[in-house]
Amino acid sequence: MNVDIGNALASVASPGVSRASLERLDEQVADAHERIEAGMANAEHGYEALNVPDRTDPDEIRAAVEPVADADALITVGIGGSSLGAATITNALDSDTETVFLDNVDPEWVSRHLERLPLADTAINVVSRSGTTAETLANFLVVREAVESAGVDWTERTIVTTGEAGPLRDLANRHDLPSLPVPDGVPGRFSALSAVGLVAAAVCGHDLEALLEGAAAEAETLSGSLFDCPAYAYGATSYALDQRGAGVNAMMPYAESLETAAEWFAQLWAESLGKDDLGQTPVRALGVTDQHSQLQLYRAGPRDKLVTFVTAREGEDRPIPGTDVDDLAYLGDATLGDLLEAEFEATEASLAAAGRPNVRVELERVDEYELGGLLYGMEAACVLAGELYGVNTFEQPAVEWAKKATRGLLGGGEFEEAAAVAEKTELRIER
Ligand SMILES: O=P(O)(O)OC[C@H]1O[C@](O)(CO)[C@@H](O)[C@@H]1O
């Protein structure tokens, strides 16, 4: 990925970061890079995430999915990092395999999917690092029951990706299921380029080597200066803008195929940096669509936002037919791609004209190689930002309270968190 941080400079935007400030910050980037390099070299927890492309074996993944490689449909049962990386990749690329990501426990939504999928020709990709995530286990049990009710042997349709121990590992061993390990020392949100994200890509027939080559090429750009490394430039600029008041980061890809990438980024950024009362709030947005909804706030609301545009320089195009509507005649000589690009450039310029900071992340096109670079680049940007914030980038303790409360509410043990639920302060306004 390439980045253009020109519209984040203080000469353009407020908040903005001066070139001199970036040069001073670059000293911290150099120190952070040394820590990152050492962490990678020692396979330290978290930093190991940036070694994943070197550690992932595409042949091992393809061998595991071979029994279901011809599936017409794929259900991935996982949540957070155990779903969003896979969804980012498969939702961005064309495939004949229909993909469904059960990463919520909304009963109507789950039932609708199970009723319409060809379960006899559906692969089941169960992913959980811990193997204990309630939503994933609950959805797996529901999917297994539905598949059995359809007269299908679920053990012939299921692949498991999980840790060395836990209920899912036990299940895989007990039923001799094809299974893959999750990478040691890699938090789920950083594991898109491991089996966690690539099993789904393999079932869909995507080029795993290209994904990993794109990531590896991005890894080669990691250096001791933000001025030589797009990922560090993005991470450092986002951090610097947050320090100057841009506490929100709207991730706004100008490609439908990258909509899920914004959702993946939101977990990566929020769960890694949201600690010690610090962190920048990611907002999922989409161009051109959100020009007709959120742009008003981005351009004229509080000066508390960075907008991150992600664009692809090349892509399939389609002409706009001529029209006899005079006011729209100018469209008749254009293509949809021309319109998309013009709207992106106009929106980028409209924010700059209003002094609203924005950064452009550029891909050549949306393919496996570029996706691998984007995923790796944003992971590296996040690791660097975590170093600059001085937070523990790779843990997520704040999510545990609600898990305990949930278990308590469902009779899974005595948890004071569950008791707190009953003590809710109420002020009900009823119809
Ligand atoms: O892969 P697991 O262990 O099921 O966890 C799923 C997700 O839940 C979290 O642990 C947060 O609860 C995320 O960090 C993780 O990606």
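Me: How is the chain divided into domains?
Reply: This is a predicted model. Domain 1 covers 2–37 + 212–389, and domain 2 covers 50–208.

Me: And how many residues does each domain put into the contact?
Reply: Domain 1 brings 27 residues and domain 2 brings 24 residues.

Me: What separates the centres of domain 1 and domain 2?
Reply: 29 Å, taken over C-alpha atoms.

Me: OK, surface now. What area do domain 1 and domain 2 bury between them?
Reply: About 2200 Å². Carbon and sulfur atoms account for 68% of that area.

Me: Switching to charges. How many salt bridges are there between domain 1 and domain 2?
Reply: The count is 1.

Me: Where does Glu271 find a salt bridge partner?
Reply: At Arg189. The two side chains meet at 3.0 Å, N to O.

Me: Which one gives the most?
Reply: H14, with 9 residues on the side of domain 1 that touches domain 2.

Me: What's that side made of, by class?
Reply: On domain 1 it has 16 nonpolar, 5 polar and 6 charged residues.

Me: Back to the interface as a whole. How many residue pairs are in polar contact across it?
Reply: 8 residue pairs between domain 1 and domain 2, with both residues at pLDDT 80 or more.

Conventions:
Residues are numbered from 1 along each chain as its sequence is written. This is a predicted model: local features need pLDDT of at least 70, side-chain atom pairs count only at pLDDT 80 or more; totals for chains, interfaces and linings use all residues. Side-chain values use heavy atoms; hydrogens and water are left out. Domain bounds come from an automatic or database domain assignment. Contact means heavy atoms within 4.5 Å. Buried area is the accessible area (1.4 Å probe) that two parts lose on being put together, summed over both. A salt bridge is a side-chain nitrogen of Lys or Arg within 4 Å of a carboxyl oxygen of Asp or Glu. A polar contact is a pair of N or O atoms within 3.5 Å; within protein, one must be able to donate a hydrogen and the other to accept it, and residues adjacent in sequence count only if both atoms are side-chain atoms. Helices (H or I, at least four residues) and strands (E, at least two) are DSSP runs, numbered from the N terminus. Ala, Val, Leu, Ile, Met, Phe, Trp, Tyr, Cys and Pro count as nonpolar, Asp, Glu, Lys and Arg as charged, and the others, Gly among them, as polar.
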